[in-house]
Protein chains: 2
Amino acid sequence: MTVNRQALLKSRPHGLVTTDNFEFVDAPLAEPGEGEFRVKIEAISIDPAMRGWMAEGKSYIPPVGIGEVMRAGAAGHVEASNNPKFKVGDAVSGMFGVQQYVISNGAMVSKLDESQASLERWIAGLGMPGLTAYFGLLNVGEPKEGDTVLVSAASGAVGSVVGQIAKLKGCRAVGIAGGPEKCKYVVEELGFDACVDYKAGNLYRDLREACPKGVDVLFENVGGEIFDTELALMNVFGRVVLCGLISAYNATEMPDGLNNIRSVLVNRLKMQGIIVFDFIKEYPQAISDLGKWHAEGKLKLREDIRDGGVDAFPDVLNLLFNGGNNGKLVLKV
Amino acid sequence: MTVNRQALLKSRPHGLVTTDNFEFVDAPLAEPGEGEFRVKIEAISIDPAMRGWMAEGKSYIPPVGIGEVMRAGAAGHVEASNNPKFKVGDAVSGMFGVQQYVISNGAMVSKLDESQASLERWIAGLGMPGLTAYFGLLNVGEPKEGDTVLVSAASGAVGSVVGQIAKLKGCRAVGIAGGPEKCKYVVEELGFDACVDYKAGNLYRDLREACPKGVDVLFENVGGEIFDTELALMNVFGRVVLCGLISAYNATEMPDGLNNIRSVLVNRLKMQGIIVFDFIKEYPQAISDLGKWHAEGKLKLREDIRDGGVDAFPDVLNLLFNGGNNGKLVLKV
């Protein structure tokens, strides 16, 4: 008899998550009912947004309830099925949660073609983070050929794809990342035109040098001081894609506010929030484009795959917030 | 022989402007050259944006230079002309400056029909502030019938027009103003559905009550804490028209930053800055609409006309920042 190891949210974290915020249980392995199938989960996507899903309060999606399996995008193989559309052996992805197995009726589940990319990649650059980059940049940022596109967290799962799509669209892509190693990766491997190390202590000066014509499209993942500094470089009629504010996700006190909102006024910027789920009807076109670029070698992706299974979830999640990951973070189950 | 009294910017103000920031001079009265005409200025528009025009640094328009006549929109009559398009006696408006007379070649000068409205009104609700309200609300805010439109500084020159246009478009118009008298004016005379007194000390609670369905369009003139509070009430896919940040215009230290930028992300708001000069090609349609609504009695306007001439400019300007005005502020020359 097999059990299903699960990470249940036990308490709402204050600051960084700890193991104590979760209860790890061995639930009995459930059998699929009529029209259902069971997935053996092999890879769990670890995303900054997960921190927000644990917090109380109004957001774009209800918080994970106390005692519930932690929400997560994940991928695996069907191992038992009463659903004719999903056969044993099919590779699939969906919001399966931080656990070893899930029962699904197929709603919001995608089939994955493993001849094109690995399971890990399908929940990374070709999954939610890649789609977020795609819709955020193209639908909200509206980049035009010759524009300068600035991306914070440029070595991250979303930022790395944003810059590469910007290059495909004929833009100058400039990244911001933490440390010389990440910056080197962003320029030499991902093909950005420049990358500024925010840890070097001269962010404004270095950004001015990297963006001699100013910034037309800002793709913001970080918030805080970095965001304020970027706003000072925006060109008239620029677009700001507000995708993430990761610097504040674990704040236990109110962080400093945004000081440079005046730039939105005087430069007539358009700032817009993006949540990928709003574009669900356009996913097929986006997945087709991303897959094509990937197959042509124009979209380079890197996963940082961690072992440890369900129980390692809190520690692996925290890597996102201390800069400890190197590529899209995926937890192996 | 007549002289031309002028207010020249002598030094850049720190905080509120003072009389010492200006030099008041009696320049010789100039004669119009070929193609030029002379306007006797009778009414000067006093606007919050003027404070920004005195400050150094990059903005949407170069700052007024030290020693130059203070920039201002104004209206008056042509009293001498070598330009066949502008005849003696014509009523005109333009960026004439804080002075008694101006020589113009007619560029960017509008003729005014005094049978429709007074000179003062033509530089108020039917002039730049009215146009700002019109383009900000309609082009940026994109109000739909049934939307709740929230306007800060609702009794001001721009805000008062925003709410009335919102009503004309079938929206619920809610204002924010300082003190019960202004709030009463906004509701009873301008026809807003509700107006919240931010001085009463319960802004969030009072706004929730006034906007039971949340806020779809926010027209922001103030900034600071008021802006943060409004952002907490925004509906998903709401629009934020960033028109002014008057609470910060005289700040001598960095004011508190905007704390609630997260609302832009989670609610997928579109926030956009508006400067009326960007819409100059569409002015004729807007002036025609505003004039029609005014003639039909659907657009109520109130000017607060102050005497004192050119020398009173600094004191009259400061009325905008201490809430001392009651209607669109105009300085009689």
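Here is a quick briefing on the structure shown above.

This is a predicted model, where local features need pLDDT of at least 70, side-chain atom pairs count only at pLDDT 80 or more, and totals for chains, interfaces and linings use all residues. Residues are numbered from 1 along each chain as its sequence is written, while chains are lettered from A and ligands numbered from 1 in the order in which they are written. Chain B superposes on chain A by a rotation of 180° with 0.0 Å of shift along the axis, at an RMSD of 0.0 Å. That is how a two-fold axis relates its copies.

**How the two chains meet**

- Go to Gly257(B) to find the axis: its C-alpha is the one in chain B nearest to that axis, 1.9 Å away.
- Helices (H or I, at least four residues) and strands (E, at least two) are DSSP runs, numbered from the N terminus.
- The nonpolar class is Ala, Val, Leu, Ile, Met, Phe, Trp, Tyr, Cys and Pro, the charged class is Asp, Glu, Lys and Arg, and the others, Gly among them, are polar.

**Strand pairing**

- Strand 13 of chain A (residues 270-273) pairs with strand 13 of chain B in the antiparallel sense, over three bridges. Strands pair if DSSP finds at least two bridges between them.
- Within that pairing, Lys270(A) has Gln272(B) as its bridge partner.

**Domains of chain A**

- Chain A divides into domain 1 (3-124 + 301-332) and domain 2 (128-277), with bounds from an automatic or database domain assignment.
- The centres of these two domains, taken over C-alpha atoms, are 28 Å apart.
- Their contact takes 14 residues from domain 1 and 10 residues from domain 2. The domain 1 side has five nonpolar, six polar and three charged residues.

- Most residues other than glycine have a negative phi.
- Ala153(A) has a positive phi of about 50° without being a glycine, and is placed in the loop between strand 8 (148-151) and helix 4 (157-168) of chain A.
- Ala153(A) counts as buried because it has 28 C-beta neighbours inside 10 Å. The cut-offs, using C-beta atoms placed from the backbone, are 20 or more others within 10 Å for buried, 12 or fewer for exposed, and partly exposed in between.
- Met108(B), also not a glycine, has a positive phi of about 60°, in the loop between strand 6 (101-104) and strand 7 (110-111) of chain B. With 11 such neighbours inside 10 Å, Met108(B) counts as exposed.

Methods: Copies are superposed by least squares on the C-alpha atoms of residues with pLDDT of at least 70 in both. Two residues are in contact if their C-beta atoms, placed from the backbone, lie within 7 Å.
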